[in-house]
Structures are given as C-alpha cells and as structure tokens.
Amino acid sequence: MFFSLLDRSRTRSGFDDASALRHSVERAIHAEKIGLHRFWVAEHHGVPGIASGAPAVLAAAVASRTSRIRVGSGGVMLPNHQPLVVAEQFLMLESLFPGRIDLGVGRSLGFTEPVRAALRSERTDTFEADIAELRSYLDGSGSVTARPTVPSPPVFVLATGAGLEVAARAGLPVVVGGPIVHQDDPLALYRKYFRPSPSNPSPYVIVSLDVTIAADTADARRLAVPEAWAMARSRREGEFPALQPASGIDESQWTPQTRNRIEASLASSILGTAGQVRPRLEEVVERTRANEIMASTSTYDRAELLDADAAFAQLAGVAR
C-alpha cells in the first residue's frame with residue numbers, strides 16, 4: 001500500500017502567490033524525507049486560493065529539488081491543452097528525471113466563464129479521444145513524433161462518473177476523490193469495464209482524501225477548519241479564497257448555512273489522532289480496494305501541516 005500527497009499550492013493570507021509555490025516545493029522535499037510515494041501538483045486558473053496554473057512547470061521545480069519521490073500532475077486538464085503539447089512537456093520531464101514522472105489528466109473546465117473563455121475551452125466532451133491522442137504521442141505511434149523520444153511516463157485518469165468508464169476502456173489507472181469515495185461500491189463501473197493494457201494488466205485505484213492527523217481530535221479539527229471555511233466562503237461569495245489562520249476564524253459569527261457547509265466538509269474528511277484515522281483508512285481501502293491513498297490535506301499553519309504529513313506517512317503500512 002502506497003501513501004502519497006496531492007498539493008494544490010494553496011495561497012495563505014499574509015503571503016504572496018510566489019510563496020505558495022515555494023511552500024509546495026518545500027513540502028515535497030519533506031514528503032520525500034518521510035518516505036511518501038508520490039507528490040502531485042494541481043492545475044487551476046484564475047483562482048485566488050491556488051497559485052499553481054502550470055503543473056508541468058511546478059513538477060519540474062519539485063523534481064529538481066528531490067531525488068527519489070515520484071512527481072506528477074493531479075492533474076493536467078486536457079480540455080485546456082493540445083495533447084501534443086502535454087506529451088512534449090511530460091516527455092521532457094521524463095527525460096530530465098527518468099523513472100520519476102507521472103502524468104495525471106482530468107477533464108475539468110475552468111472555474112468561471114471568463115476563465116473558460118480565456119482558455120478557449122470548448123464544452124464539447126472530447127476527453128476520451130484526447131486521452132487516446134495523448135497516449136499515441138507518448139508511445140510514439142501518433143501522426144507526429146513528440147520529442148524528446150523517451151519511454152512514456154505512466155498516465156493516470158482523474159475521474160468520477162462517466163470518466164471511470166473512460167479510464168476503464170483505456171486500461172489506465174484511476175484517481176477518485178470527493179463524494180463518490182463514500183459510496184458503497186464506487187469503483188464498480190471502473191472494474192466492470194476495465195480493459196487490460198500493456199502497461200496496466202489490471203485495475204489500479206488511487207483514492208484521494210483530506211486526511212488530517214494531530215495530537216487530539218480538537219487539534220485535527222482546528223487544522224481542517226481553514227480549508228473548510230474557504231470552501232464555505234467560495235459557495236457564498238463565488239470565489240475560492242486564500243487560507244486564513246485558524247485563530248482568525250470566528251466560529252461564533254457563522255450563519256447556520258455556513259456552519260452546515262463547514263460541518264459537512266469536515267465530515268467528508270478523515271481527521272483525528274493516528275489511532276482514530278487508522279481504522280477509517282482501513283475501511284476506505286477495504287471498501288474501494290484501493291491500491292494507494294493520496295492525501296489532499298491543506299491547512300494554514302505550514303509547520304503543523306508538515307507534522308500531519310509525517311503522521312500520515314507513519315500509517316503507510318496500516319492497510320496491508
């Protein structure tokens with residue numbers, strides 16, 4: 001069982017966007033030291049709370065400061081890119097950091113209409129065809145030879161719903177997160193329609209979750225509140241904001257609707273002491289038959305975040 005991290009380069013109140021990117025690199029260095037398997041970075045455009053809009057560039061920075069941990073994208077959103085360009089970027093990364101690069105791809109469009117217009121995003125769903133075209137460039141079978149010509153990095157699909165069938169038909173590993181993870185049999189479609197491929201003879205599942213481990217339950221909740229508060233504010237204000245210090249979030253001022261949204265967000269995450277988190281992760285692994293857990297945890301206090309990452313890494317053997 002592998003344990004990994006997805007880092008979204010969350011911005012923090014009092015720090016500029018550049019700091020968020022440096023913080024991601026520093027977190028990756030720590031993730032390697034504590035023995036985590038992968039460190040993936042995200043793609044978001046025009047979002048105040050997230051500094052990373054170019055995962056290939058950030059992945060290069062992370063890989064250059066580490067030596068063993070796998071580095072990748074969680075993920076490159078194919079509707080925003082030409083498959084050939086994505087292939088060239090990740091073949092270049094693979095040539096510079098051989099055997100350490102992952103290419104996670106997703107289908108999400110931009111966060112708002114102006115962002116979608118700026119990205120020239122189309123609403124037509126060509127995700128399955130885009131994946132096939134991308135893979136042809138990566139493996140050298142496409143109409144154009146993508147360079148550098150090196151072995152293809154592994155491709156993963158960030159998927160829910162119909163996206164699970166796309167991943168299954170392509171014979172690719174899948175990454176799932178969000179509400180689908182809490183269903184009784186969330187990967188049924190994926191396993192039913194999976195077609196073995198040369199690189200993936202059997203299904204491979206990564207489950208992405210918010211996992212926050214602290215000395216006690218109250219501390220874990222405190223660490224999780226800044227992200228939950230940001231999510232609630234995004235629903236209310238239409239803009240996903242920077243993380244605020246937990247000490248500056250006045251829970252007494254929450255409206256009933258805000259409180260309900262925050263409590264729902266906290267309930268969907270896994271938080272508590274190591275002893276409390278361990279059986280919950282074991283249950284997720286048993287129910288989903290996951291091969292890997294990828295924590296998408298974030299909080300304002302960076303030192304406490306690194307401590308939570310270390311506690312998460314220590315649980316890496318619990319679900320074997």
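This is a predicted model: local features need pLDDT of at least 70, side-chain atom pairs count only at pLDDT 80 or more; totals for chains, interfaces and linings use all residues.
Let me begin with the middle of the protein, where the largest nonpolar core has 67 residues, and where L103, V105, V174, Y190, V207, L281 and F312 have the most contacts inside that core. By a nonpolar core I mean a set of buried Ala, Val, Leu, Ile, Met, Phe, Trp, Tyr and Cys residues joined through side-chain atoms within 4.5 Å, and buried means under 20% relative accessible area, with exposed over 50% and partly exposed in between, using a 1.4 Å probe and protein chains only. In soluble globular proteins, nonpolar side chains tend to be buried together. There is also a second, separate core of 13 residues, and it includes A220, V225, I249 and W254.

Residues are numbered from 1 along each chain as its sequence is written, and side-chain values use heavy atoms, with hydrogens and water left out.

Which residues does V174 touch, if we do not count those up to four places away in sequence? They are V157, A159, L164, A167, L187, Y190, Y204, V205 and I206, where contact means heavy atoms within 4.5 Å.

Now to the aromatic rings, where a search of the whole structure finds four pairs. Rings of Phe, Tyr and Trp (for Trp, its six-membered ring) pair if their centres lie within 6.5 Å, and planes under 30 degrees apart count as stacked, over 60 as edge-to-face and the rest as tilted. The rings of F3 and F312 have centres 4.6 Å apart and planes at 20°, so this pair is stacked. It links distant parts of the chain, since F3 belongs to strand β1 (residues 2–7) and F312 to helix α11 (residues 302–314), 309 residues apart; helices (H or I, at least four residues) and strands (E, at least two) are DSSP runs, numbered from the N terminus. F3 is buried, at a relative accessible area of 3%, and F312 is buried too, at 1%.

In another pair, W40 and F156, the ring centres are 5.1 Å apart and the planes lie at 70°, so the arrangement is edge-to-face. Here W40 sits in strand β2 (residues 38–41) and F156 in strand β5 (residues 155–158), 116 residues apart, and both W40 and F156 are buried.

Let me turn to two helices. Which residues of α3 are buried? They are P83, V86, A87, F90, L91, L93 and E94. Seen down the axis of α3, these buried residues fall within an arc of 155°, so they line one face of the helix, the arc being that of the directions from the helix axis to the C-beta atoms. The buried residues of α3 pack against α2 (55–65), β3 (70–77), β4 (101–106) and α5 (127–139).

Helix α10 (residues 274–288) has 15 residues and reaches 21 Å from its first C-alpha to its last, close to the expected 21 Å. Its buried residues are V277, L281, V284, V285, R287 and T288, and, seen down the axis of α10, they fall within an arc of 165°, so they line one face of the helix.

The bond from G74 to G75 is cis, with omega near 0°, and G75 is found in strand β3. The bond from R147 to P148 is cis as well, with omega near 10°, and P148 lies in the loop between α5 and β5.

Finally, S298 is placed in the loop between β10 (292–295) and α11, and at 9% relative accessibility S298 counts as buried. Its side chain is joined to that of E227 by a polar contact of 2.5 Å, a polar contact being a pair of N or O atoms within 3.5 Å, where within protein one must be able to donate a hydrogen and the other to accept it, and residues adjacent in sequence count only if both atoms are side-chain atoms.

Key:
The expected span of a helix is 1.5 Å times one less than its number of residues.
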